[in-house]
Amino acid sequence: MNDDTKGAPQWHGAKLDFKESMSYGDYLGLDQILSAQHPLSPNHNEMLFIIQHQTSELWIKLMLHELQAVRGHVREGKLAPAFKMLARVARIMDQLVHAWDVLATMTPPEYTAIRPYLGASSGFQSFQYRQLEFILGNKNPNLLAVHEKSPAAHAILERELHAPSVYDEAVMLLARSGFAIAPERLGPDRTGPTQADESVKAAWLGVYGDTERHWALYELAEKLVDLETAFRFWRFRHVTTVERIIGFKQGTGGTSGASYLRKMLDVVLFPELFALRTAL
């Protein structure tokens, strides 16, 4: 026994006295996390609804942490760590897909009982989800208005709106690798959604046409395809869960609900990577 543990109560070697040292709960800030659930309705099922969305926000926070690092690595041409991080983000999205299974245990009458207490609050207003969309290239400057209530969040989204997306960095890497990318695709205006570009498609076709020579770019492309595929599953599971619980009612935030979410299924984040498959 070390001097610093001598005389301290233990159980099967586990330290029991944490009066003067950091515990598991201290490290994770569990007092703050576990006291952050404040149901507004008397209905038992609201706790599920709150925790579902709070845990989703934590997972999104981790995705943003990883994707910001991915963007930096791709910019610097350090693809090996970027691959690991992209794979992690795709697995986080898998986790979020399965999380809908838990929310789907809420029945329409159970949701109807808590809905009046939600007011106009909606996942549509998620600042982190908006940032996630922006960093993946699905940008819409009009949606910044939703976040004017929080100057800090608005400022972060404003910066993200003008910053290169992860895919923009991949396209710039193609250009640095000798592929002919149209100058307008490399231009400074990055405030709109990613638009399909024939020069980018031709570049990726060059990568896929000689994978041995361009193996790192080929692997980057496939990691991005994995990521978008996982994102599509997440979106699809979202809309089917909404349809199961509220049908086609209007969303609390004012959108058309499931109809709006179905339109989002048509959004393609990395268009050339899917279009090239027809040409191969």
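Contact here means that heavy atoms lie within 4.5 Å of each other, and the structure described with this term is a predicted model.

Helix 8, which spans residues 166–176, is mostly covered, since 9 of its 11 residues are buried. The buried residues of helix 8 include Val-166, Tyr-167, Asp-168 and Glu-169, and also Met-172 and Leu-174. Against these buried residues pack helix 9 and helix 10, together with the helices whose residue ranges are given in the table.

| Helix packed against the buried residues of helix 8 | Residues |
|---|---|
| Helix 3 | 46–75 |
| Helix 4 | 79–103 |
| Helix 6 | 127–135 |
| Helix 12 | 271–279 |

After helix 8 comes Gly-178, a residue with a positive phi near 105 degrees.

Two of these partners also pack against each other: helix 9 (residues 198–209) and helix 10 (residues 215–246) meet at an angle of about 115 degrees, and their axes are 9 Å apart. Helix 9 and helix 10 are therefore roughly perpendicular to each other, and their crossing is left-handed. On the side of helix 9 the contact is made by Trp-204, Val-207 and Tyr-208, while helix 10 contributes Leu-217, Tyr-218, Ala-221 and Glu-222. By type, the residues of this contact divide into 6 nonpolar and 1 charged, with no polar ones.

When neighbours within four places in sequence are left aside, Leu-136 is in contact with Leu-67, Met-93, Ser-165, Leu-227, Phe-231, Leu-269 and Phe-270.

Methods: Residues are numbered from 1 along each chain as its sequence is written. This is a predicted model: local features need pLDDT of at least 70, side-chain atom pairs count only at pLDDT 80 or more; totals for chains, interfaces and linings use all residues. Side-chain values use heavy atoms; hydrogens and water are left out. Axes are lines fitted to C-alpha atoms, for helices over the stretch in contact, and angles run from 0 to 180 degrees between N-to-C directions. Helices (H or I, at least four residues) and strands (E, at least two) are DSSP runs, numbered from the N terminus. Angles under 35 degrees count as roughly parallel, over 145 as roughly antiparallel, 65 to 115 as roughly perpendicular and the rest as oblique. A crossing is left-handed if the near helix is turned anticlockwise from the far one by less than a right angle, and right-handed if clockwise. Ala, Val, Leu, Ile, Met, Phe, Trp, Tyr, Cys and Pro count as nonpolar, Asp, Glu, Lys and Arg as charged, and the others, Gly among them, as polar. Buried means under 20% relative accessible area, exposed over 50%, partly exposed in between (1.4 Å probe, protein chains only).
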